[in-house]
Amino acid sequence: MKGKIFVITGPSGVGKGTIVKEILKKVQNLYLSISATTREKREGEEEGVHYFFKTKDQFKKMIDSDEFLEWAEFAGDCYGTPKFPVNNYLSCGKDVLLEIELQGAKQIKEKCPDSILIFLAPPTFEALEERLIKRQTESIDKVKIRLTKAKQEMKEVKLFHYLVVNDKLNEAIDNVQGIIVAERCKIDNCV
Ligand code: 5GP
């Protein structure tokens with residue numbers, strides 16, 4: 001049986017990275033898609049682990065040669081899901097987790113209608129703002145851009161199959177895990 005695509009989307013700073021890391025530890029047979037990006041590497045990030053870091057030219061070549069399952073611009077940089085590894089996992093019956101932004105999630109929904117889309121929301125917009133400022137990974141200008149994006153993204157929650165609010169981290173992790181387990185147990189997946 002073919003694997004399934006699980007998409008996790010949510011505003012920058014909502015805690016997607018932390019939740020994804022925990023989910024990958026807890027859920028068997030689930031593989032993370034490593035995206036390509038033109039954004040600068042942050043401290044502690046590693047090539048091929050967090051992202052494949054590309055120049056704008058390299059990224060454009062990948063677009064031209066149809067290497068992406070989806071790609072989008074976000075806050076001035078490009079991000080994309082390489083097609084080949086995802087298709088490889090799926091055809092071996094392995095499930096794949098994509099941690100991507102809204103435009104990408106929309107593309108996946110269209111191209112791969114069986115995908116399961118999970119939206120991760122902050123308890124309040126203020127909590128998100130505080131988190132983005134505190135983590136100090138972007139300049140204040142970039143934080144502002146990300147917050148504007150967050151407002152737009154939160155308006156489109158109805159495109160998703162599930163909504164998880166990241167108020168208490170452990171509960172949010174349990175909920176995402178529960179969604180994955182339930183989707184795997186669906187009758188139409190087993191017959
Ligand atoms: P960051 O710069 O904080 O790592 O990521 C910025 C945004 O890009 C996040 O919302 C993240 O989920 C999203 N993102 C990461 N990889 C991809 C990808 O391959 N495609 C799309 N569309 N978004 C991505």
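**The ligand and its surroundings**

Modeller: In this predicted model, the ligand is surrounded by 16 residues, and the closest of them are Ser35, Arg39, Tyr51, Tyr79 and Glu101. Two strands take part in this shell: β5, residues 68–74, and β6, residues 77–82, each contribute at least two residues to it. The space that the ligand takes up is the largest pocket.

For Tyr51, an N or O atom of the side chain is 2.6 Å from a ligand oxygen. In the case of Arg146, a polar side-chain atom and an oxygen atom of the ligand are 2.8 Å apart. Glu99 also has a polar side-chain atom 3.2 Å from an oxygen atom of the ligand. Taken on its own, the ligand has 510 Å² of accessible area, and the protein covers 95% of that area.

From strand β5 one may turn to the loop that links α2 (56–64) with β5, where Asp66 is found. The phi angle of Asp66 is near 55 degrees, a positive value in a residue that is not glycine. Most residues other than glycine have a negative phi. A positive phi also occurs at Asn29, with a value near 60 degrees. Asn29 belongs to the loop between α1 (16–26) and β2. With a relative accessible area of 36%, Asn29 counts as partly exposed, because this value falls between the limits of 20% and 50%.

Strand β2 covers residues 30–32 and includes Leu30. Leu30 has a relative accessible area of 6% and is therefore buried, the limit being under 20%. Beyond the residues up to four places away in sequence, Leu30 touches Phe6, Ile23, Leu24, Asp95, Val96, Leu97, Ile180 and Arg184. Gly3 is 27 residues from Leu30 along the chain, and the C-alpha atoms of these two residues are separated by 9.1 Å.

When neighbours within four places in sequence are left aside, Asn166 is in contact with Val14, Gly15, Ile19, Ala121, Pro123 and Ala172. With Val14 there is a polar approach: a polar atom of the Asn166 side chain lies 2.8 Å from the backbone oxygen of Val14.

Note on methods. Residues numbered from 1 in each chain as written. Predicted model: local features only at pLDDT ≥ 70, side-chain atom pairs only at ≥ 80, totals over all residues. Heavy atoms only, no water. Helix = DSSP H or I, 4+ residues; strand = E, 2+ residues; numbered from the N terminus. Buried < 20%, exposed > 50% of the residue type's maximum accessible area, 1.4 Å probe, protein only. Contact = heavy atoms within 4.5 Å. Polar contact = N/O pair within 3.5 Å; in protein donor to acceptor, adjacent residues only side chain to side chain. Near = heavy atom within 4 Å. Areas by Shrake-Rupley, 256 points an atom, 1.4 Å probe, with all protein chains shown as cover. 1 Å grid on protein atoms, 1.4 Å probe; cavity = no way out; pocket = protein on both sides within 12 Å on 5 of 7 lines; lining within 4 Å. Sits in = over half its atoms within 2 Å of the grid points.
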